[in-house]
Amino acid sequence: MARAAIPGRLTWQPATVATTRAETATARTLVLNVDGWTGHLPGQHIDLRLTAPDGYTAYRSYSISSAPGLDRLEVTVQTVPDGEVSPYLVDVAEPGDQFEIRGPLGGWFVRRPADPRPALLIGGGSGVAPLMSMARAAKTPTRLLYSTRSPSDALFSADLATAGAAGDDRVTVTHVYTRVGPPGWPVPPGRLDADALARVAWPREADAVAFVCGPTGFVETVADLLVDIGHDPANIRTERFGPTGG
Amino acid sequence: MALITRGFGGRRRDDTDLPPGQYRTDDFPVLSAGPTPRIGLDAWELAVVTETGERSTWSWAQFTALPADEPTVDIHCVTHWSKFGTRWRGVSVDTLLADVETAAEYVVAHCYGGYTTNIPLEDLTDGQAWVAYEFDGEPLAPVHGGPARLLIPHLYFWKSAKWLRALELRLDDEPGFWETAGYHNYGDPWREQRYQAD
């Protein structure tokens, strides 16, 4: 018997790996072709389902890192040591390989195109992935603050290096390095603190919205610091992931 | 017919207690929508409000003096992780409702920080749900919902609202925060009710 489609139901759709891009030694971006994909809101994620030949399945959620587009999307995956799904996505999958996705998912950690407010995007490690989608689709002035251990751990290095170039001042990028900075970096490496945050944050009267994504400890710290420097808690949206998730 | 993913072997674990689409973790991941609210215990209050506006309240001292249970339960997050054998201490919702007269069929949990979630009343009673204030023998950390959170292990964990402030008893159902943001209204992990229309 044919199953009638339920309106609004999110069905699993085949996704085909079009190309891959190494981001770091342990992370890469997969460009996926998905027939009939109608785009997403920056910040949304997909659920992904891998099926082994014997029918065993594994599911994970990944943020979309690309700007909204038709029939195509990108996810950026960091290998989790001993992970089950992330090592496959980072080391094994090749162009032409297929798995299933459903989405786009999530209606809170999203930056809607009609939102007129300036934005502060703060990412830790691979938590920058949904923020990258927001930065790429930015329609209002956007400041991205990106914390990584070292330059070689930073995702999207090439894209971030050209942000703000060619007279496009919508997106400005500030890096924070917690362990090792690049040669000649003016600031000693260290964790993001209230001073560094205050230098990048929008003034109160700008009525900016903040999106914070990263490991739990990072998000906790940054969200608390934002509240401390006077950012309205109602205008701080967070997304966190623990050490698992691979 | 499922689509086979070339090159994916997967890792089998004999977890028969795992609902569909879930994997097991031994960590305790955190998911919240905004900053963690900090609530001082002297200002903390828990309320039960009926559909007629009758209000019962407990201060922290009153609340923690109530008879408590120590459930050990499995918890299931909609983001696909499950954690087995978590140990809590908390007050059964039955205890909080013992002297409450109501014809309500639904409950909205209200939280410090503004979060809300909706649950049918029958899912909170008969020993199925607690307001928990200890985890693993320690006071519940703010990041995990302390001072006190709902614990409804048979539903996806977003229903187990952190930083609980009040249970509002209602005659009608009123979708909460995630329920109006595309997530399922009920959230049964065994029927994999993650998103609207699942």
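This is a predicted model, so please hear every value as computed. I start with Thr238(A), which is buried because its relative accessible area is 3%, and the cut-off for buried is under 20%. Thr238(A) sits in strand 11 of chain A, residues 236-241.

What does Thr238(A) touch? Leaving aside residues up to four places away in sequence, its contacts in chain A are Phe109(A), Val212(A), Val219(A) and Ala223(A), and in chain B they are Ser32(B), Ala33(B), Gly34(B) and Pro35(B). With Gly34(B) there is also a specific approach: the side chain of Thr238(A) comes to 3.0 Å from the backbone nitrogen of Gly34(B).

That takes us to the interface between the chains. On the chain A side 49 residues are in contact, and on the chain B side 36. The size of an interface is often given as the accessible area lost when the parts come together. For chain A and chain B that area is about 3500 Å², with 54% from carbon and sulfur atoms.

One of the salt bridges pairs Arg102(A) with Asp198(B), at 2.9 Å from N to O.

Which elements of chain A supply at least two residues each to the side that touches chain B? They are strand 3 (45-51), strand 4 (57-63), helix 1 (86-92), strand 6 (98-105), helix 5 (216-228) and strand 11, where we began. By class, that side of chain A has 21 nonpolar, 13 polar and 15 charged residues.

Next, the inside of chain A. Chain A is split into domain 1 (13-105) and domain 2 (119-241), and their C-alpha centres are 24 Å apart. Of the area that domain 1 buries against domain 2, Glu23(A), Pro42(A) and Ser65(A) supply 33%, more than any other three residues.

How many salt bridges join these domains of chain A? The count is 0, while 5 residue pairs are in polar contact, both residues at pLDDT 80 or more.

Note on methods:
Residues are numbered from 1 along each chain as its sequence is written. Chains are lettered from A and ligands numbered from 1 in the order in which they are written. This is a predicted model: local features need pLDDT of at least 70, side-chain atom pairs count only at pLDDT 80 or more; totals for chains, interfaces and linings use all residues. Side-chain values use heavy atoms; hydrogens and water are left out. Helices (H or I, at least four residues) and strands (E, at least two) are DSSP runs, numbered from the N terminus. Buried means under 20% relative accessible area, exposed over 50%, partly exposed in between (1.4 Å probe, protein chains only). A polar contact is a pair of N or O atoms within 3.5 Å; within protein, one must be able to donate a hydrogen and the other to accept it, and residues adjacent in sequence count only if both atoms are side-chain atoms. Contact means heavy atoms within 4.5 Å. Buried area is the accessible area (1.4 Å probe) that two parts lose on being put together, summed over both. A salt bridge is a side-chain nitrogen of Lys or Arg within 4 Å of a carboxyl oxygen of Asp or Glu. Ala, Val, Leu, Ile, Met, Phe, Trp, Tyr, Cys and Pro count as nonpolar, Asp, Glu, Lys and Arg as charged, and the others, Gly among them, as polar. Domain bounds come from an automatic or database domain assignment.
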